[in-house]
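Biologist: Please take a close look at one part of this model for me. I would like the aromatic pairs first, then whatever else you can walk me through.

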Amino acid sequence: MADLITSAAESASKSLRRTYRRHRRACLIAASALGTYATVKTAWLVYGVWATASTNRMFRSLEVGMVHLFMHPRWSHGPNLFPHCVKVECFLRLAKIPYVAHFTNEVSMSPNGRLPFIVHNGTVLADGEFIIQYLTETLGVQMNSGLTAQDHARGLMVRRMVETSINYGLNRTTFVDYPRYMADMFSKEYALEPIMSSILVRGMRNATIRVLNAVGYGTLSQGQYEEEFMRDVQSLETFLQDKEYLFGSSPTSYDCSVYAWLQVALEFGPNGNGLTYLYNSAPLRSYVERISKLAFPDFSELRTAKATQRYITAA
C-alpha cells in the first residue's frame with residue numbers, strides 16, 4: 001500500500017512539473033490570481049471583524065434607557081421617504097416614547113440588513129412590526145388596549161393589504177412606470193448629479209422588478225395591476241370613510257402602518273391611475289393630515305442636516 005501511495009505521489013508530481021513547463025505563463029497568472037484573491041478575501045474578513053467591533057462599541061456607547069432609532073435621512077415631503085421608517089417613528093410619537101433618531105444609509109449595521117432598526121438597553125432589533133411588538137411589551141404601551149379580538153383581526157388584514165398589495169402597486173408605479181420622475185426627485189432631494197441619480201434609480205428599479213416578479217405582482221399586465229392597485233386603494237377608502245382612525249377616535253399601532261404608506265404615496269402626486277385616485281380622495285387625505293398633525297406637529301423643524309435628532313415627549 002505504501003509503495004502504491006509513493007508511486008502515485010511521484011506520478012502526480014511529474015505531471016505537475018510537465019504542466020508547469022508547458023504552461024508556465026498560465027500557471028504564474030493563475031498563482032498570482034489566487035494570491036490576489038486570498039489577499040482580498042483576508043482583507044475583507046479583517047474589515048468585517050473591525051466593522052462589527054466598531055458598530056458594537058458604538059451601540060454600547062449609546063444612552064441607556066433611551067430608544068435609539070436608526071433610519072434613512074429625512075426628505076422634504078414628510079418624515080421619511082421610506083414607509084417602514086415612517087411607521088416606526090409614528091408609533092414612537094403616538095405612544096409618547098422618548099427616542100433619538102440616528103440618520104444613516106449604512107444598512108450593514110442592521111441585524112437584517114435593512115432600515116429601520118432600534119437599539120434599546122443593549123437590544124438591537126430590526127423589522128418595523130417586531131420593533132412595535134417589542135416596545136409595546138417592554139414599555140407597556142397601551143395604544144391597542146381597547147381593541148377586541150375582531151378589531152385585531154381586521155387591523156391585521158388592513159395592515160397586510162397596505163404593506164403588501166398597496167406597497168407593490170406604489171413601487172411598480174413609481175420605480176417601474178415612472179423612473180424618470182424618481183430620478184429627478186432623488187437628484188433634487190439629495191443633491192445628486194443627474195447621472196448618479198439615474199444610476200441609483202435604475203438599480204432600485206431592477207431590484208423592484210425582481211421582487212415584484214418573485215411575488216407574482218410583476219407578471220400582471222399594465223391593466224391588471226392598475227385595476228388591482230385601484231381596488232385596494234378604494235377598499236381602504238371605504239374602510240376609513242367617516243372614521244377619524246381605523247378603530248374610532250384614537251389611533252392604534254395599525255394606524256401607524258396605514259399612515260406611513262399613504263403619507264409617502266400622497267407625496268408622489270397623481271402619477272398613474274391608482275395614485276391619482278388616492279391623491280384626489282378626500283377621506284384618505286383627511287386621514288393623513290389628521291395623523292400628521294397628531295404625530296408630527298413639529299415637522300417643519302425636523303428638516304435639518306443634523307446626524308441625530310432627539311425627541312422628548314411633553315410632560
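Modeller: Start with F268. This is a predicted model. At 5% relative accessibility, F268 is buried, because the cut-off for buried is under 20%. Its ring partner is Y181. Y181 is partly exposed, at 32% relative accessibility. The two ring centres lie 6.4 Å apart and the planes stand at 75°, so this pair is edge-to-face. Edge-to-face needs planes over 60 degrees apart.

Now place the two rings in the chain. Y181 belongs to helix 6, residues 179–189. F268 sits in the loop between helix 9 and helix 10 (272–279). The pair therefore ties together parts that are 87 residues apart in sequence.

A further edge-to-face pair joins F239 and F247. Here the distance is 6.4 Å centre to centre, with 85° between the planes. F247 is buried at 19% relative accessibility. F239 has a relative accessible area of 23%, so F239 counts as partly exposed.

Aromatic pairs in the structure number 12. There is also an aromatic cluster, made up of F59, F70 and F117.

Next, go to helix 9, which spans residues 253–267. S257 is part of this helix. S257 is buried, because its relative accessible area is 0%. What does the side chain of S257 make a polar contact with? The partner is the side chain of K87, at 3.4 Å. K87 is also among the residues in contact with S257 once neighbours within four places in sequence are left aside.

Two packed helices are described by the angle between their axes and the distance between the axes. The crossing of helix 5 and helix 7 is left-handed.

Which residues meet there? Helix 5 brings Y168, N171, R172, F175 and V176. Helix 7 brings V201, M204, R205, T208, I209, L212 and V215. By type, the residues of this contact divide into 8 nonpolar, 2 polar and 2 charged.

Definitions and conventions:
Residues numbered from 1 in each chain as written. Predicted model: local features only at pLDDT ≥ 70, side-chain atom pairs only at ≥ 80, totals over all residues. Heavy atoms only, no water. Helix = DSSP H or I, 4+ residues; strand = E, 2+ residues; numbered from the N terminus. Buried < 20%, exposed > 50% of the residue type's maximum accessible area, 1.4 Å probe, protein only. Polar contact = N/O pair within 3.5 Å; in protein donor to acceptor, adjacent residues only side chain to side chain. Contact = heavy atoms within 4.5 Å. Left-handed = near helix turned anticlockwise from the far one by under 90°. Nonpolar A, V, L, I, M, F, W, Y, C, P; charged D, E, K, R; others polar. Phe/Tyr/Trp six-rings, centres within 6.5 Å; stacked < 30°, edge-to-face > 60°.
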